[in-house]
Amino acid sequence: MALRRILICGEPELRKKSRKIKNIDGTLIELLDDMVETMLDAPGVGLAAPQVGENLRAVVLAEYEEGEEPRVHECINPRIVETEGEVEGGEGCLSLPTLHGVVLRPERVVVEAFDREGEPIQMEAHGLMARAFCHEIDHLNGKLFIDRALPDSIAWMIPDEDDERGYHLHYISKADAEDTLRRMVEKRLAEAERDG
Ligand code: ZN
């Protein structure tokens, strides 16, 4: 297992539609293992394959419960087959570091997918996990949460000791957020090139 580099908004792979997985081989199992490790290391609630540069329809999610090992879900070719309700909630993404936005998502979803043994699985999720499934499956279609965020809800989370949340929000436009992230990508790529 190995940590993979998480792509940042501005890198083209994040905007591509991912391919359906046709067979489960050693390379895919390795990718799933690496995605889980990368997600738990971040730590994040979910990670989609395009976020590590693989345009394949696979996502991993984690449910964190205090004092317990995270419960990991691996989903191959996931699809949402049922939704119910609609709720507003805050979202972030490992590919848009420190960015926050409010997105309307279903309160409940039913997801069908395959596990790493190729067995069909069905999962029902509510609240935060329903939101996470929608967010991760969006990644497989090249969609990011800022595309869906309510107008005027996009903001940087600025660390702030005086705020009880540990941060305050600095509101910006979607275009400004994408600009800043693009510059972050360019800087990172230039550094990588320089370091050879
Ligand atoms: Zn994301």
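Me: Which residues make the nonpolar surface patch of about 280 Å²?
Reply: A patch takes residues with over 30% relative accessible area and no salt bridge, joining like charges within 9 Å and nonpolar side chains (Val, Leu, Ile, Met, Phe, Trp, Tyr) within 5 Å. A salt bridge puts a side-chain nitrogen of Lys or Arg within 4 Å of a carboxyl oxygen of Asp or Glu. Accessible areas come from the Shrake-Rupley method with a 1.4 Å probe, and for residues only the protein chains shown count as cover. The patch of about 280 Å² is made by L40, V45, Y64 and V72.

Me: What kind of model is this?
Reply: Residues are numbered from 1 along each chain as its sequence is written, and side-chain values use heavy atoms, leaving out hydrogens and water. Local features need pLDDT of at least 70, side-chain atom pairs count only at pLDDT 80 or more, and totals for chains, interfaces and linings use all residues, since the model is predicted.

Me: Is Y64 buried, partly exposed or exposed?
Reply: Y64 lies in the loop between β2 (58-63) and β3 (71-84). Helices (H or I, at least four residues) and strands (E, at least two) are DSSP runs, numbered from the N terminus. Buried means under 20% relative accessible area and exposed means over 50%, with partly exposed in between (1.4 Å probe, protein chains only). The relative accessible area of Y64 is 41%, so Y64 is partly exposed.

Me: What is the volume of the largest pocket?
Reply: On a 1 Å grid over the protein atoms alone, a pocket is an open set of points with protein on both sides within 12 Å along at least five of seven lines, whereas a cavity is a set where a 1.4 Å probe fits but cannot get out; lining residues have an atom within 4 Å of a point. Grid points are joined across faces, edges and corners, and a volume is the space filled by probe spheres set on the points. The largest pocket has a volume of about 220 Å³.

Me: Which of the 14 lining residues are closest to the centre of the largest pocket?
Reply: First, the classes: Ala, Val, Leu, Ile, Met, Phe, Trp, Tyr, Cys and Pro count as nonpolar, Asp, Glu, Lys and Arg as charged, and the others, Gly among them, as polar. The lining has 5 nonpolar, 6 polar and 3 charged residues. Closest to the centre are V45, E91, G92, H135 and E136.

Me: Which element gives the largest share of the lining of the largest pocket?
Reply: β4 (87-93) and α2 (127-140) each supply at least two lining residues. The largest share is 5 residues, and these come from α2.

Me: Where is P43, at the end of the cis peptide bond from A42?
Reply: The A42 to P43 bond has omega near -15°. P43 is found in the loop between α1 (26-41) and β1 (46-48).

Me: Is N77 buried or exposed?
Reply: N77 is found in strand β3. N77 has a positive phi of about 50° although it is not a glycine. Its relative accessibility is 11%, so N77 counts as buried.

Me: Is D152 buried or exposed?
Reply: D152 also has a positive phi, about 70°, and is not a glycine. D152 lies in the loop between α3 (145-148) and β8. With a relative accessible area of 73%, D152 is exposed.

Me: How many residues apart are R79 and E112?
Reply: R79 forms a salt bridge with E112, the closest N and O atoms being 3.1 Å apart. This pair links distant parts of the chain, R79 in strand β3 and E112 in strand β6 (residues 108-114), at a separation of 33 residues.

Me: How far apart in sequence are the parts that E82 and R108 tie together?
Reply: The side chains of E82 and R108 meet in a salt bridge (3.0 Å, N to O). E82 lies in strand β3 and R108 in strand β6, so the tied parts have a sequence separation of 26 residues.

Me: What separates D179 and R182 in helix α4 (residues 174-194)?
Reply: Their side chains meet in a salt bridge (2.9 Å, N to O). D179 and R182 are 3 residues apart in the helix, so they are separated by about one helical turn.

Me: How many salt bridges does the structure hold?
Reply: Some are linked in a network, which joins E91, R105, R131, D138 and R148. The number of salt bridges in the structure is 21.
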